[in-house]
Amino acid sequence: MRELPPIWTIFLELTAHDDGELVVTGEPLRRAILRVLSSADPLTARAIRMAGSRGHIIVSPLYTGSKPEVECSERAIGVSRGATYRARVVTFSDAVSSMIRNWAARNPRVRLAGVEFEICSVESETVEWDEVERQDSVKAFRISFLTPTLFRRQATPYCRLFPLPSLMIHGLAVSWNSLRRDGPRPREVASWARLSVVETGHELCTSRPIEVETENVVGFVGWAHYKCIMHPNWSPKQHEEMSAWAAKLFKLGEFVGVGAHRQNGLGIIRFSPKS
């Protein structure tokens, strides 16, 4: 198999030059980044736009703490002139990472939804795929939903506002295979999750409506606990293999997110295995 580039996480610091507010998504900054890529490499930028949520440039909302995190009541981020904000950008391309870092290093000014910012610093870190693959099988785990999360329903405009493990694992298996093509079959691992991954507790709340890509959506934030249990449809060996895949997929989920609009910073999660 061809050697894969690492997973790039780029952290930008932006200083506001205006007062105002931004929606709690990464869509305005992602648009600015795609404009930069269009100037440097129009074909790459077009491919990313055409791929939608599979474009694999994932941009978080602006945040001020140690990680992107949105409260239930937040619909917009209040921006104060002179204040500094952070954003996280994830990409799986060395070339795209280089273009973004070179652009940010020039301390450009960007206008996000009418509010002007200056990028004052850029840092990056990489995670090799070996680290994602080293995840052991899990018996129990916790998923924290840091930004509003929602799942599309087929043949209806309404969304699911509960983190069914089969939905998350199916979507993450699709993401894994779009990046590597050596993951589990999405339907098979989702079928296992439907029977063998049970929710054992949660604390979730519904967000206020958020505008993203010309539509208003609501999501949920909070956390949920899950447990992997044996089911007669699966042998002990198959169960062990599938639970190991679940851990790998949720580790990938910390970078790609889950659910709809994840390229715009919705569905950011944290995966915490439990002993």
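This is a guided tour of the structure, one selection at a time.

**Before you start**

The model is predicted: local features need pLDDT of at least 70, side-chain atom pairs count only at pLDDT 80 or more, and totals for chains, interfaces and linings use all residues. Residues are numbered from 1 along each chain as its sequence is written, and side-chain values use heavy atoms, with hydrogens and water left out.

Element labels follow DSSP runs, numbered from the N terminus: helices are H or I with at least four residues, strands are E with at least two.

**Stop 1: the largest pocket**

Select Phe 151, Arg 152, Leu 167, His 170 and Gly 171. Of the 25 residues that line the largest pocket, these lie nearest its centre. A pocket here is an open set of points on a 1 Å grid over the protein atoms alone, with protein on both sides within 12 Å along at least five of seven lines; lining residues have an atom within 4 Å of a point. The space amounts to about 690 Å³. Volume means the space filled by probe spheres set on the points, with grid points joined across faces, edges and corners.

Now colour by element. Strand E9 (151–152), helix H5 (165–179) and helix H6 (186–196) each give two or more residues to this lining. Which element gives the most? H5 does, with eight residues.

Colour by residue class next. The lining has 10 nonpolar, eight polar and seven charged residues. Nonpolar covers Ala, Val, Leu, Ile, Met, Phe, Trp, Tyr, Cys and Pro; charged covers Asp, Glu, Lys and Arg; the others, Gly among them, are polar.

**Stop 2: the second largest pocket**

Go to the second largest pocket, with about 270 Å³ of space. Select Phe 11, Lys 67, Pro 68, Arg 88 and Glu 254, the closest to its centre among 16 lining residues. Strands E1 (7–16), E5 (84–91), E7 (115–127) and E15 (269–274) and helix H7 (236–256) each give two or more residues to the lining. By class, the lining holds eight nonpolar, two polar and six charged residues.

**Stop 3**

Is H7 enclosed or open? Of its 21 residues, 16 are buried, so H7 is largely enclosed by the rest of the structure. Buried means under 20% relative accessible area, exposed over 50%, and partly exposed in between (1.4 Å probe, protein chains only).

Step past the helix end to Gly 257, which has a positive phi near 80 degrees. Then pick His 261, in the loop between H7 and E15. Its phi is also positive, near 60 degrees, in a residue other than glycine. Most residues other than glycine have a negative phi. His 261 is buried, at 7% relative accessible area.

**Stop 3: a four-strand sheet**

Show E11, E14, E8 and E15. In that order they form an open antiparallel sheet. Strand E11 (197–206) and E15 stand at the edges with a single partner strand each, so one side of each has no neighbour in the sheet.

Zoom in on E8 (140–149) and E14 (220–228), which pair antiparallel over seven bridges. Two strands pair if DSSP finds at least two bridges between them. Ala 140 stands opposite Lys 227 in E14.

**Stop 4: the cavity**

How many cavities of 30 Å³ or more does the structure hold? One. A cavity is a set of grid points where a 1.4 Å probe fits but cannot get out. Select some of the lining, including Leu 22, Val 23, Glu 27, Ser 60 and Leu 112. Strand E2 (20–23) and helix H1 (27–40) each give two or more residues, and H1 gives the most, with three. The lining divides into six nonpolar, three polar and one charged.

Follow E2 to E4: four bridges join these antiparallel strands. Val 23 stands opposite Ala 76 in E4. Strand E4 (76–79) has a covered face, Ile 77 and Val 79, and an uncovered one, Ala 76 and Gly 78.

**Last stop: Glu 213**

Select Glu 213, in the loop between E12 (210–212) and E13 (215–217). Its phi is positive, about 50 degrees, although Glu 213 is not a glycine. At 35% relative accessibility, Glu 213 counts as partly exposed.
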